[in-house]
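Hello,

Here is the structure I promised to pass on. My notes follow below it.

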Amino acid sequence: MLKKDMSHICKAISGISPYIRFVGVIGESGELHTYKRRQDLVPLLNHKNAQFQFSHIAMKTDLEGFFDKNLGEVEFVWEERKKVQTISFAIKKSRIWVSIDKKVIRSEMLRIIDFCLPIVKKYSE
């Protein structure tokens, strides 16, 4: 995936909702290629823990590939945590990781997912 495509994905997804905290493109080895963070936002993870999180996402992506033949490829993963909600989308060997404010109601989460899917699909082809 080209760097300009990655930047476009981050910009497009971050503009979907004011509740989106962070959008990042994570490579297959867990490296953060590009990101967009909401202005004036204090990150929940420090630099070291963010690197661990991205490595974890890369490992999970690799493991999920074992089940693709039987279950189909993962379209997205939605996690609800105590402080934040996250969604991740696969684009080839990369992951788009999105964190969203915890206070967001489920209908807004579904709206965010519905608006992300066409963006992801465009770059998956």
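**Helix 1 against helix 4**

D5, H8, I9, A12 and I13 in helix 1 meet C116, I119, K122 and Y123 in helix 4. Contact here means heavy atoms within 4.5 Å. Helices (H or I, at least four residues) and strands (E, at least two) are DSSP runs, numbered from the N terminus. The residues of this helix contact divide into six nonpolar, one polar and two charged. Nonpolar covers Ala, Val, Leu, Ile, Met, Phe, Trp, Tyr, Cys and Pro; charged covers Asp, Glu, Lys and Arg; the others, Gly among them, are polar.

The model is predicted: local features need pLDDT of at least 70, side-chain atom pairs count only at pLDDT 80 or more, and totals for chains, interfaces and linings use all residues. Residues are numbered from 1 along each chain as its sequence is written, and side-chain values use heavy atoms, with hydrogens and water left out.

The axes of helix 1 and helix 4 come within 10 Å and cross at roughly 170°. Axes are lines fitted to C-alpha atoms, for helices over the stretch in contact, and angles run from 0 to 180 degrees between N-to-C directions. Helix 1 and helix 4 are therefore roughly antiparallel (over 145 degrees).

Five strands form an open sheet in the order 2-1-5-4-3, with antiparallel pairing. Two strands pair if DSSP finds at least two bridges between them. Strand 2 (32-37) and strand 3 (76-80) are the edge strands. The twist averages 15° from one strand to the next.

Strand 5 pairs with strand 1 over six bridges and with strand 4 over eight bridges. G24 stands opposite W97, and I91 opposite S94. Strands 4 and 5 form a hairpin with two residues between them; K92 in the turn has a positive phi of about 55°. Five bridges join strand 3 to strand 4. Helix 4 packs on the sheet, touching strands 1, 3, 4 and 5, and its direction makes about 20° with that of strand 4.

**The cores**

The largest nonpolar core has 22 residues; I13, I20, I96, V98 and I100 have the most contacts inside it. Such a core is a set of buried Ala, Val, Leu, Ile, Met, Phe, Trp, Tyr and Cys residues joined through side-chain atoms within 4.5 Å. Buried means under 20% relative accessible area (1.4 Å probe, protein chains only). Helix 4 gives the largest share of this core, seven residues. Apart from this core lies another, of six residues, including F22, A50, F54 and W97. In strand 5, eight of eight residues are buried.

Best wishes

Notes. Buried means under 20% relative accessible area, exposed over 50%, partly exposed in between (1.4 Å probe, protein chains only). Angles under 35 degrees count as roughly parallel, over 145 as roughly antiparallel, 65 to 115 as roughly perpendicular and the rest as oblique.
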